[in-house]
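Open the model in your viewer and keep the selection tool ready. Each stop tells you what to select and what to look for.

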Amino acid sequence: MREYETLYVQHPEVPEARYEEINARVRSLILEQGGEVISFEPWGMRELAYPIQKQKRGRYVLVRYRALPAAVTELERNLKLLDEVIRFITVRIPEHIRKRRQQLSTAGEEAATKEHRPDEGANA
């Protein structure tokens, strides 16, 4: 499986319940296709760089996941069918970047563990 990031923008006037429903649908599509959701980050309402469908704002959501290419195709097909999604983009994360992210997260976890561990030789 490869790692991907999909960023999609929902129409700014979508009701909160529908917004959550679309996010749940995206997550379930990835899982149904045998993928694994790494992170799901709602960025909230932001200004668009240029008007899309006469809108100047949109609700951004970033999804990082591992899946087969067929799952990405199915996800994009579904995003095209949703009228509430005004734009989306999917990128495959190259292997060297994925490995670097893993190294950084491991190093960050080790640093956090050292901060919370008391000095064992301080009283000697």
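## Stop 1: Leu-29 and its helix

Select Leu-29. Setting aside residues up to four places away in sequence, Leu-29 touches Glu-74, Leu-75 and Asn-78. This is a predicted model. Leu-29 sits in helix 1. Is Leu-29 buried or exposed? Its relative accessibility is 11%, and buried means under 20%, so Leu-29 counts as buried.

Val-72 is 43 residues away from Leu-29 along the chain, and their C-alpha atoms are separated by 9.4 Å.

## Stop 2

Then select helix 2, residues 69-81. Two packed helices are described by the angle between their axes and the distance between the axes. Here the axes come within 9 Å and cross at roughly 155°. That makes helix 1 roughly antiparallel to helix 2. The crossing of helix 1 and helix 2 is right-handed.

Which residues meet between the two helices? Show the side chains of Arg-25, Val-26, Leu-29 and Ile-30 in helix 1. They meet Glu-74, Leu-75, Asn-78 and Leu-79 in helix 2.

## Stop 2: The whole chain

Zoom out and colour by secondary structure. The chain has 3 helices and 4 strands. Follow the chain along the sequence, and the pattern is β-α-β-β-α-β-α. The chain has 124 residues, and buried residues make up 35% of them. Look next at contacts with a separation of 6 or more: residues 24 or more positions apart account for 71% of those contacts.

## Stop 4

Strands of a sheet pair through backbone hydrogen bonds, either parallel or antiparallel.

## Stop 3: Strand 1 and its two partners

Select strand 1, residues 2-10. Why is strand 1 described as largely enclosed by the rest of the structure? Because 7 of its 9 residues are buried.

Look towards strand 3. Strand 1 and strand 3 run antiparallel, joined by 9 bridges. Tyr-4 has Tyr-65 in strand 3 as its bridge partner. Tyr-8 has Val-61 in strand 3 as its bridge partner.

Now look towards strand 4. Strand 1 pairs with strand 4 over 7 bridges, also in the antiparallel sense. Find Thr-6 here: Thr-90 in strand 4 stands opposite.

## Stop 4: Val-61

Select Val-61, in strand 3 (residues 55-67). How much relative accessible area does Val-61 have? The value is 0%, so Val-61 is buried. Show what surrounds this residue. Leaving aside neighbours within four places in sequence, its contacts include Thr-6, Tyr-19, Asn-23, Phe-40 and Trp-43. Pro-42 is another residue in contact with Val-61. The C-alpha atoms of Val-61 and Pro-42 are separated by 4.3 Å, although the two are 19 residues apart along the chain.

## Stop 5: Arg-64

Stay in strand 3 and select Arg-64. Arg-64 is buried, with a relative accessible area of 18%. Show the side chain of Glu-3 as well. A polar contact of 2.9 Å joins the side chains of Arg-64 and Glu-3. Beyond neighbours within four places in sequence, Arg-64 is in contact with residues including Tyr-4, Val-37, Ser-39 and Arg-101.

## Stop 6: Glu-84

Finish in a loop. Glu-84 lies between helix 2 and strand 4. Is Glu-84 buried or exposed? Its relative accessibility is 19%. Buried means under 20%, so Glu-84 counts as buried.

Which side chain makes a polar contact with that of Glu-84? Select Arg-18: the two side chains make a polar contact of 2.9 Å. Leaving aside neighbours within four places in sequence, Glu-84 is also in contact with Val-9, His-11 and Ile-22, among others.

Note on methods. Residues are numbered from 1 along each chain as its sequence is written. This is a predicted model: local features need pLDDT of at least 70, side-chain atom pairs count only at pLDDT 80 or more; totals for chains, interfaces and linings use all residues. Side-chain values use heavy atoms; hydrogens and water are left out. Buried means under 20% relative accessible area, exposed over 50%, partly exposed in between (1.4 Å probe, protein chains only). Contact means heavy atoms within 4.5 Å. Two strands pair if DSSP finds at least two bridges between them. A polar contact is a pair of N or O atoms within 3.5 Å; within protein, one must be able to donate a hydrogen and the other to accept it, and residues adjacent in sequence count only if both atoms are side-chain atoms. Axes are lines fitted to C-alpha atoms, for helices over the stretch in contact, and angles run from 0 to 180 degrees between N-to-C directions. Angles under 35 degrees count as roughly parallel, over 145 as roughly antiparallel, 65 to 115 as roughly perpendicular and the rest as oblique. A crossing is left-handed if the near helix is turned anticlockwise from the far one by less than a right angle, and right-handed if clockwise.
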